[in-house]
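Thanks for coming, everyone. I'd like to walk you through a structure today, so let me put the sequence and the model up on the screen.

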Amino acid sequence: MRLVSCSSYLPKIKVENKEIANKFNIEDEYIVKRTGIKQRYFVKDETIEEMATIATQSLIKKTEIDVQEIGLIVVATTSTNRLMPGIANYVQKKINIKKCIAFDVLAGCSGFINAVDIAQMYIDSGKIEKAIVIGVDILSKYTNRDDINTAIIFADGAGATLFEDSNNNLYFSNIESIPDFNNILANVSNSKISMDGLSIYKYAVTETVKNVRELLEKSGERLENIKYIVPHQSNLKIINAIANRIGISIDKVFINIDKIGNTFCASIPIALEEMQQNKLLNNGDKIILLGYGGGLNTGSVLIQI
């Protein structure tokens, strides 16, 4: 399959470091040095369903697609506020698709990668031709504002992507779950998010590198043929460490965490839209999407634009 287009939505409230720094009696630069984040966005009165819908409506307007051609909507999230109907079903209703497959995926921060892979399998099976894959999270509602370890990092956002059938574009994936340490990043029964930052760092800079190397081996592709790695925007220190260990120039790793913070499932589709807006992606380019986090789940996808 091929990536057709991307769109995103950032909430109404922009929160700069100064506001958070004042609360903890620290300097703005402390947050930048520790996370790479300069600002983030929080919802005001938007719901998670509305954010996903706005991003999707923007995508439809951009592509001018007949929505009745969409055979699948998959939503990746970690912060859904209802068990049923799901966010995907809500989006389907709002954009007026009479009949399609629609469901949500809960797979931690790498949920978007899982959702993309599910879309690929449906398309590859011939059951559908076009799929919308959405990543959306409202983390501000599940962040302990008194916990400096999470309050300076997490943010809200939504991203929507359109994929369609293509016989000529490469696609490989490598997705796995490691349950042994699933308590180092958790949110149980809609409580506040708890995170063991040091353990997350160790996991992220080892398992992700292993995962990407396995993906390259599976695909037969060489690292020098990859135009960009697009990682989950978790923390700039983690992203830099991953790039260094993989052995790729940081210039070939797309980073926008400074502008949006860590939005979990929304981070990769938001990044993809910015890349398209800045004309960084051309037909034939090979990129790797890399997700990692709660689960512990790790997933990478090699896709040709």
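**A walk through the inside**

Let me start with the lining of the largest cavity, which divides into nine nonpolar residues, no polar ones and no charged ones. Before I go on, please keep in mind that this is a predicted model.

So which residues line that largest cavity? They are Ile229, Pro231, Ile239, Ile242, Ala243, Ile246, Ile248, Val253 and Tyr292. The volume of the cavity is about 40 Å³, and the count of cavities of 30 Å³ or more comes to one. Strand S11, residues 228-231, and helix H8 each supply at least two residues of the lining. The largest share is from H8, with four residues.

Now let's move to the nonpolar cores. In soluble globular proteins, nonpolar side chains tend to be buried together. Here, the largest nonpolar core has 40 residues. Which of them have the most contacts inside the core? Those are Ile242, Ile246, Ile288 and Tyr292. The elements giving two or more residues to this core are helix H1, at 17-24, together with H7, H8 and S12. H7 provides the largest share, eight residues. There is also a second, separate core, with 33 residues, and Val105, Phe254, Cys265 and Leu272 are among them.

H7 gives the most, with five residues. By class, the lining has 12 nonpolar, eight polar and two charged residues.

Let's turn to one helix, H3. Helix H3 runs over residues 48-63, so at 1.5 Å a residue its 16 residues should span 22 Å, and the end C-alpha atoms are 23 Å apart, which agrees. Which residues of H3 are buried? The list is Ile48, Glu49, Met51, Ala52, Thr53, Ala55, Thr56, Leu59 and Ile60. Glu49, by the way, is one of the buried residues, for those of you who like to look out for acidic side chains. As for what covers these buried residues, it includes strand S1 (2-9), helix H4 (87-94), strand S6 (130-138) and strand S7 (156-164). Just after H3, Glu64 takes a positive phi of about 55°.

Asn96 is not a glycine, yet it has a positive phi of about 65°. You will find Asn96 in the loop between H4 and S5. Lys279 sits in the loop between helix H10 (267-277) and S12. With 69% relative accessibility, Lys279 counts as exposed, because the cut-off for exposed is over 50%.

Where is the cis peptide bond I wanted to show you? It joins Met84 and Pro85, with omega at about -10°. Pro85 belongs to the loop between strand S4 (72-76) and H4.

Ser110 lies in the loop between strand S5 (101-105) and helix H5 (111-125). Its relative accessibility is 0%, so Ser110 counts as buried. What does Ser110 touch, leaving out residues up to four places away in sequence? Its contacts are Gly291, Tyr292, Asn297, Thr298 and Gly299.

Gln120 has a relative accessible area of 15%, and the cut-off for buried is under 20%, so Gln120 is buried. Setting aside neighbours within four places in sequence, Gln120 is in contact with Met1 and Tyr171.

Definitions and conventions
Residues numbered from 1 in each chain as written. Predicted model: local features only at pLDDT ≥ 70, side-chain atom pairs only at ≥ 80, totals over all residues. Heavy atoms only, no water. Nonpolar A, V, L, I, M, F, W, Y, C, P; charged D, E, K, R; others polar. Expected span 1.5 Å × (residues − 1). Buried < 20%, exposed > 50% of the residue type's maximum accessible area, 1.4 Å probe, protein only. Contact = heavy atoms within 4.5 Å. 1 Å grid on protein atoms, 1.4 Å probe; cavity = no way out; pocket = protein on both sides within 12 Å on 5 of 7 lines; lining within 4 Å. Points joined across faces, edges and corners; volume = space filled by probe spheres on them. Core = buried A, V, L, I, M, F, W, Y, C linked by side-chain atoms within 4.5 Å.
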